[in-house]
Amino acid sequence: MDRRKFLRQLGLLTGAGTVSLTLGNVPVRAFAKPLFNASAVNGKVLVLVQLSGGNDGLNTVVPFADSNYHNARPGIRIRENDVLRISNNLGLHPSLQPFKNLYDDGELVIVQNVGYPNPDRSHFRSTDIWLSASDSNEYIEDGWIGRFLAKAFPEPENFNPNHPMAIQIGASQSMLLQCTCQGQMGISFENPNQFYQLINGSTADNDPPPNTLAGEQLRYIKQIAAQSIQYAQIIKDAADNVENKVQYPNTSLGRQLAIVAELIAGGLETPVYLTSVGGFDTHSNQSNSHANLLQNLSGSISAFMEDLKLLGAANRVVLMTFSEFGRRVEQNGSGGTDHGTAAPLFVIGKNVKGGVVGSNPNLEDLDNNGDLKYEFDFRQIYATLLQDQLGMSADKMNEVLLGNFETLPIIDVKHATSGGPVSFSLYQNYPNPFNPATQIRYELRIPQYIRLVVYDPTGAEVVTLDQGWKQAGSYTVTFGNGRYPSGVYYCRLISGSYKQTIKMVLLK
Amino acid sequence: MTGLQKISDWDEKAVIHILSRTILGYTQQDIDFALSLTPDDFIDNYLLADKPEPTPPFWVYDSSSDNATERTRELTYWWYNLMIRQGYSFREKMVLFWHNHFVSEIDKVGLPQRMYWQNKLFRDYAFGNVKELTKKVTIDPAMLIYLDGDKNRRGAPNENYARELMELFTLGIGNYTETDIQEAARALTGWRVDGVTSYFQENRFDNGIKTIFGESGNFGYEDVVDIIFRQPACAPFICRELYKEFIYHVPDENFVNQLADILRQNDYELKPVLSALLKSTYFHSEEIRGSKIKSPVEFVVQVMRQFNVNTPDYNFMRQTAEQLDQKLFDPPNVSGWDGDKRWINTTTLPARNVFTDSIVEGEKPNGSDLTFHIDLVEFARTFPEPENAAALVNDIAKIFIQFPLSEKRIEYLLETLLDGAEVYDWSTFDPQAEKRLKLFFKTLMRLSEYQLS
């Protein structure tokens, strides 16, 4: 099939060919976001699943031994016989069997009673609070992930592959990925192929917008144009690199996570992904709808985890679910629940500690509205993920979260480091001494992000020989070819905080 | 009150700005017509004109759930048709505004018939009294279902509508308490839906004393709305929404409060506010021009009107707007579409370009023909000086782009039109003219500036 026909079948090519816009032959990158060095997070990935509408926490993680629970919800309670027991007083909703399996394997952590002081019961305000990591009475216009990315990758580095800093699967772009300092830190698309085809034929322009309100709008549109052009190819390549190894539920969330798995395993170095699923605003007749929502949620996420294992990327990924609030303890008059406050959330991955963090919800000590009081501030979970998953230092973390939040025992830190000293080897170069060139071999026993760099004896970097996310295997690169003066050189393989160095001698 | 001073210059620039913010696409003829009148005459008697009620689809009276998907589409095409043929009245833009303000989603509402009746309500009150509209919306069948008002009954309150009424429709967050919501929910009890109509069922109504914003009584839904509209936050809240729709996405509280005074003085009648807004020096200030990002529906409608296409491909318009994240009758959630920068992302911006390319080519991305064809050569000849390339580029740009284009941009557009030829060689009678115009229009509408109005 020729390319044109192929594009047509995808339904994405305009009739008589696309128009190409080049303004002054300026390269597309002129408006690109700063590039970055993915080794800052050591190849680690955070996947967020946003449950929009306010998930009913009490019917998700059920305190089945508490009579207050049954009394408050005579019509919609989950019966003791139906729960999937994880202890003698706590159980999961019967639709969460896939989560139960992950829990039993120690790959799922339940964090209980997550909320914040002075909870807001508006969907929109509370969503903004969660996305911006603000206090309840504080209005912040950017997202905690946006600020994290700006801190973690502050300076552009020339050598880096141009991977997006964050990806949202879906058509709109969340506040989560924005930073007021640098604008839109992430990009969004529904699927890589469609994204690639849409971009076909576009190029960016470099006319500087005027310094007006309209000019500010125009600058944003141009930034988006440049990002879409820059990343379309690289994302399609990553998605084409590997194929999903498991069947996902045929739901929007299932499809979103299938794409994320391919992009992570396919070599994209993007550290943060955002996916979302709606429908949790269960004001009426919630029993069936909530069961379906949870089935989709747990089925999609467990497929994702299984897929990552088979694709060899599970060690790098942690997933967190979140929702703007839980729901009222007492059911309402319509077989549903109204907006509430604190609720449990899930942190899932091969490297989590497993178990339950926190205590059962206290159904006797409610606030004036009959809502739960929180035990953990949601920003404690963010702090934990930033520090223990994404490797951020405490002082930078405080700047991202606009305050100091104590971390929780969620991530198993000793297993979390993928680039440990036993996971790679750098062998002595051959020949050595050499003239004009020599071969350097290294071996990776697990997939990881590496840099292979040559230094001179003063410590100055001579050349980066290799870098990027690599699958397990043996690699050989060449150094030399007469471009360098005689002398001693050091070659260093770097993976995260681990290094191995060899000494080489060039004798002309 | 400086911002509300009436503009003194009624020139082409003022007319272009006012048209681009109200009627979803305009032509050279529209500019000429507006300039032939006084601003008062044009704004009050044409832009703000009430128009006869359009004939609805025949099925809106029954309450059968047959063909709901097809009927929703039909209703969408029906509405698009009204937008295309709106004339000078911007009533349909206001209907769209209310649809995005008093939000309901077809998925939960169920019957497209109910969405029609809600749409009609928005049309009846497009420029009407906001307080009265809010009362009607409160017992509108679609809204009763969407925000669970029909489930709200004595002894078993459901707060859903009461909360959104205050938070999203009238006052804004921070201007009410949880108690106000709970008490208002009690006063809103008793309303139910039967098919496409709503009715009051006495024995479901909470007949007790409620206290809302400090006022006590055995209130019903009209009292709730009256009490809310007596709160000082109400008029500014509504004017803030108008400001965001017509001026810029970040409200200027000073000007919002000036508009709110007018709204209050006129007991929530909208026309005096809109009239003052559109005539104000504030609205016509240089800063505001070209600073609004077009919504998908505006985008697909205005292309058609710019090219004078009276019978467009409604199916393609609908599909495109949906791809661009705006499906009529199906806003994403109760707060509606976020708008502004949220419309533009790495998926939707390229998709907008693909759409305008298709319009120029007369062919959809999948290779099939559109239901209409634009004769670009004939279209070029509707401008005053079609044989003068530089004038033609300037005149066309006036219709398509509101952002002040730089010299360099105009030059680039001229080069694209000429496609290597000399300026004096340009002629619409040249065999290459159509090809050149195609490339020119595709380029023009791919400019980032084209996304702004």
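A residue counts as buried if 20 or more other C-beta atoms lie within 10 Å of its own, as exposed if 12 or fewer do, and as partly exposed in between, with C-beta atoms placed from the backbone. The views below come from a predicted model, where local features need pLDDT of at least 70, side-chain atom pairs count only at pLDDT 80 or more, and totals for chains, interfaces and linings use all residues. Residues are numbered from 1 along each chain as its sequence is written, while chains are lettered from A and ligands numbered from 1 in the order in which they are written.

**View 1. Pro361(A) sits in the loop between β13 (355–357) and β14 (376–377) of chain A.** Pro361(A) counts as buried because it has 28 C-beta neighbours inside 10 Å. Setting aside residues up to four places away in sequence, Pro361(A) touches Leu58(A), Pro63(A), Gln112(A), Asn113(A) and Leu372(A); being in contact means that two C-beta atoms, placed from the backbone, lie within 7 Å. Look also for Ala343(A): it is 18 residues from Pro361(A) along the chain, with 8.5 Å between the two C-alpha atoms. Helices (H or I, at least four residues) and strands (E, at least two) are DSSP runs, numbered from the N terminus.

**View 2. Helix α3 (residues 97–104) of chain A has Pro98(A), Phe99(A), Lys100(A), Leu102(A) and Tyr103(A) buried.** What do the buried residues of α3(A) pack against? Their partners are β3 (84–85), β4 (91–92), β5 (108–115), α9 (286–310) and β12 (343–348), again in chain A. Just past the helix, Gly106(A) takes a positive phi of about 70°.

**View 3. Strands β2, β4 and β3 of chain A line up in that order as an open, antiparallel sheet.** Strands count as paired if DSSP finds at least two bridges between them. β2 (61–62) and β3 of chain A are the edge strands, each pairing on one side only. Zoom in on β3(A) and β4(A), and you'll find two bridges in the antiparallel sense. Arg85(A) faces Gly91(A) of β4(A) here.

View 4. β16 (residues 438–444) and β19(A) run antiparallel and share seven bridges. One handy landmark is Arg441(A), whose bridge partner in β19(A) is Thr476(A).

**View 5. Strand β6 (residues 166–169) of chain A is buried on both faces: Ala166(A) and Gln168(A) point one way, Ile167(A) and Ile169(A) the other.** β6(A) runs parallel to β10 (residues 272–277) of chain A, and three bridges join them. Ile167(A) stands opposite Tyr273(A) of β10(A). β6(A) also pairs with β9(A) in the parallel sense, over three bridges; there, Gln168(A) has Ser188(A) as its bridge partner.

**View 6. The largest nonpolar core has 256 residues, and those with the most contacts inside it are Val111(A), Leu149(A), Ile381(A), Val224(B) and Cys239(B).** Such a core is a set of buried Ala, Val, Leu, Ile, Met, Phe, Trp, Tyr and Cys residues joined through C-beta atoms within 7 Å. The largest share of this core, 14 residues, comes from α7(A). Leaving out neighbours within four places in sequence, Val111(A) has contacts that include Pro344(A), Val357(A), Phe376(A), Ile381(A) and Ile410(A). Apart from this core there is another, of 14 residues, including Ile440(A) and Trp469(A).

**View 7. Where chain A meets chain B, 46 residues of chain A are in contact with 54 residues of chain B.** On the chain A side, α4 (123–132), β9 (187–189), α6 (192–199) and α7 (213–241) each supply at least two residues. α7(A) gives the largest share of that side, eleven residues. By type, that side of chain A divides into 20 nonpolar, 20 polar and six charged residues; Ala, Val, Leu, Ile, Met, Phe, Trp, Tyr, Cys and Pro count as nonpolar, Asp, Glu, Lys and Arg as charged, and the others, Gly among them, as polar.
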